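Here are my notes for you to read alongside the model. Have a look at the fold before you start on the points.

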Amino acid sequence: MINITIYQNHAGQYTGLSCIGHAGFEGFGKDIVCAAVSVLVLNTLNAVEAFTDEVFAFESDQKSGLIDIHFQKPTGHDAGLLFDTMVLGLKEIQNQYGTDYILLTFKEV
């Protein structure tokens with residue numbers, strides 16, 4: 001299962017994301033749930049890096065499925081909108097495939 005935790009402050013601004021695990025929907029190279037989550041998360045990070053001035057620390061490990069992001073300060077409008085779009089997609093994947101494959105949680109920090 002992919003466990004995704006979205007970190008937000010009390011004002012709802014994003015402060016980070018932790019994603020770990022593999023969906024287990026299909027075998028390696030055929031898992032559409034893992035592929036969809038990876039594309040959404042990585043494309044969002046690439047967009048934040050390319051289109052905003054946000055500073056973040058990034059760590060990843062392909063074997064464990066780890067993608068860990070921590071923003072230096074809470075996100076501004078543009079990065080927040082990009083993250084909102086990612087969260088929308090992740091919620092839809094969870095709704096379609098269920099919490100046996102992806103579990104999305106939110107944590108206030």
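1. In what order do the strands of the open sheet come? They run β3-β4-β2-β1-β5, 5 strands with mixed pairing. Strands here are DSSP E runs of at least two residues and helices are H or I runs of at least four, numbered from the N terminus; two strands pair if DSSP finds at least two bridges between them.

2. A word on the source. This is a predicted model, where local features need pLDDT of at least 70 and side-chain atom pairs count only at pLDDT 80 or more, while totals for chains, interfaces and linings use all residues. Residues are numbered from 1 along each chain as its sequence is written, and side-chain values use heavy atoms, with hydrogens and water left out.

3. Look at the sheet's edges: β3 (56–61) and β5 (102–108) each pair on one side only. β5 pairs with β1 (residues 2–8) in the parallel sense, over 7 bridges. To spot one, find Asn3, whose bridge partner in β5 is Leu103.

4. Now the helices. The axes of α1 (residues 32–51) and α2 (residues 77–97) come within 9 Å and cross at roughly 175 degrees; axes are lines fitted to C-alpha atoms, for helices over the stretch in contact, with angles from 0 to 180 degrees between N-to-C directions. The pair is therefore roughly antiparallel (the word covers angles over 145 degrees). Their contact (heavy atoms within 4.5 Å) includes Leu40 of α1 and Phe83 of α2. By class, the contact has 15 nonpolar residues, 2 polar and no charged (Ala, Val, Leu, Ile, Met, Phe, Trp, Tyr, Cys and Pro are nonpolar, Asp, Glu, Lys and Arg charged, the others, Gly among them, polar).

5. α2 also lies across β1, β2 (14–20), β4 (66–71) and β5, running at about 140 degrees to β5.

6. Which element gives the most to the lining of the largest pocket? That's α1, with 5 residues. The lining as a whole has 10 nonpolar, 8 polar and 4 charged residues. (A pocket is an open set of points on a 1 Å grid where a 1.4 Å probe fits, with protein on both sides within 12 Å along at least five of seven lines; lining residues have an atom within 4 Å of a point.)

How values were computed: Angles under 35 degrees count as roughly parallel, over 145 as roughly antiparallel, 65 to 115 as roughly perpendicular and the rest as oblique.
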